[in-house]
Amino acid sequence: MDFIDPHIHMVSRTTDDYERLARSGCVAISEPAFWAGFDRGSAEAFRDYFRQLIDFECKRALLFGIQHFCWLCINAKEAENVKLSRDVIAMIPEFLDMPGVLGIGEIGLNKNTPNECTIFEEHVDLAASRDELMLIHTPHLEDKYMGTRMIIDMLRADSRVQPDRVLIDHVEEHTVKLALEAGYWCGMTLYPTTKCTPARAADIIEACGTDRIMVNSAGDWGVSDPTAVPKFIFEMRARGHSEDVIRKVVYENPRTFFGKSKRFDFRPRG
Ligand SMILES: [Zn+2]
């Protein structure tokens, strides 16, 4: 089955991973800007990173027949450096009209600190002022419920933000309804250790339905599985779900959400 991985960090993966993705049916991916595993030292380092996402990864993906899209921001883990964060936010508009850039992300919270909130709100202001889509990271484990509530409160405080132009990612059983019932799109991350397994994601689909929800691998430089989405497809098939239901989650939903950006020039396989 053709699928789209709506959240994967391919700068951290090898060409072998692109080949595995292509062989398993991946036709497009979206890559949010994220933390490199160390704090970058300057705004210029982000300029180079954005160029890598926009110019280089796109070409690397196309070698395997995969269309590559991306999102720009400074990650919440670096938001404690408010000066650097503001320098990066000021630079983002230079890149926002480039092909394949879908919007602002993955912004959000990590430890739910005041500086993270300040930088989150400034990213939201940039996105809202330009009517850009947003992709939002919610915190891990014990910080997730509180962080998700804080994020939704900050989004609601800006009357320009339309919930159907926002994807709230890494939802789990205890946060998915907060996001869906408020009208946002949702992403479930399939991780080998933390976050959702394919079985838990299938349980959530059975409980919440298939509207405005998608699954991703969030593959990065840590322990993660770039082919997690096909494992979810197998899990859903094993439970007897129809191909149409599965296809809606792994292909139609990301396509519909990304299609709200005028720079999503997706060409379906003919
Ligand atoms: Zn990520």
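Because the model is predicted, local features are considered at pLDDT of at least 70 and side-chain atom pairs at pLDDT 80 or more, whereas totals for chains, interfaces and linings use all residues. Residues are numbered from 1 along each chain as its sequence is written.

We can start with the overall build. The protein has nine helices and eight strands, where helices (H or I, at least four residues) and strands (E, at least two) are DSSP runs numbered from the N terminus. Its radius of gyration is 17 Å, close to the 18 Å that the globule rule gives for 270 residues, so the protein is as compact as a globular protein of that length. Here the radius is taken over C-alpha atoms, and the rule is 2.2 Å times the number of residues to the power 0.38. Along the principal axes, the C-alpha atoms fill a box of roughly 50 × 40 × 35 Å. Of the 270 residues, 45% count as buried; a residue is buried if 20 or more other C-beta atoms lie within 10 Å of its own, exposed if 12 or fewer, and partly exposed in between, with C-beta atoms placed from the backbone. Contacts require C-beta atoms, placed from the backbone, within 7 Å. Among contacts with a separation of 6 or more, 75% come from residues 24 or more positions apart.

The eight strands make an open sheet with parallel pairing, in the order β1-β2-β3-β4-β5-β6-β7-β8; strands pair if DSSP finds at least two bridges between them. At the edges stand β1 (3-5) and β8 (213-216), each with a single partner strand, so one side of each is left without a neighbour in the sheet. From one strand to the next, the twist averages 25°, with axes fitted as lines to C-alpha atoms (for helices over the stretch in contact) and angles running from 0 to 180 degrees between N-to-C directions.

Within this sheet, strand β4 (residues 101-108) is mostly covered, with eight of its eight residues buried. Three bridges join β4 to the parallel strand β3 (residues 67-72), and Val-101 of β4 is the bridge partner of Cys-70. Five bridges link β4 to strand β5 (residues 133-137), again running parallel. In this pairing Ile-107 stands opposite Ile-136, and Gly-105 stands opposite Leu-135.

Four bridges connect β5 to the parallel strand β6 (residues 166-169), where Ile-168 is the bridge partner of Ile-136. The chain passes from β5 to β6 through helix α5 (residues 144-156) in a right-handed β-α-β crossover.

Turning to a loop, Asp-220 is found between β8 and α8 (228-238). With 21 C-beta neighbours inside 10 Å, Asp-220 counts as buried. Beyond residues up to four places away in sequence, Asp-220 touches His-9, Ser-12 and Phe-34. Asp-220 also lies 7.9 Å from Val-11, C-alpha to C-alpha, although 209 residues separate the two in sequence.

Lastly, there is the nonpolar core, a set of buried Ala, Val, Leu, Ile, Met, Phe, Trp, Tyr and Cys residues joined through C-beta atoms within 7 Å. The largest such core has 78 residues, of which Phe-232 and Val-250 touch the most other members. Helix α9 (residues 243-258) supplies the largest share of this core, six residues. Leaving aside neighbours within four places in sequence, Phe-232 is in contact with Leu-190, Pro-198, Ala-201, Ala-202, Val-215 and Val-250.

Definitions and conventions
Contact = placed C-beta atoms within 7 Å. Right-handed = clockwise from strand over helix to strand, strands pointing away.
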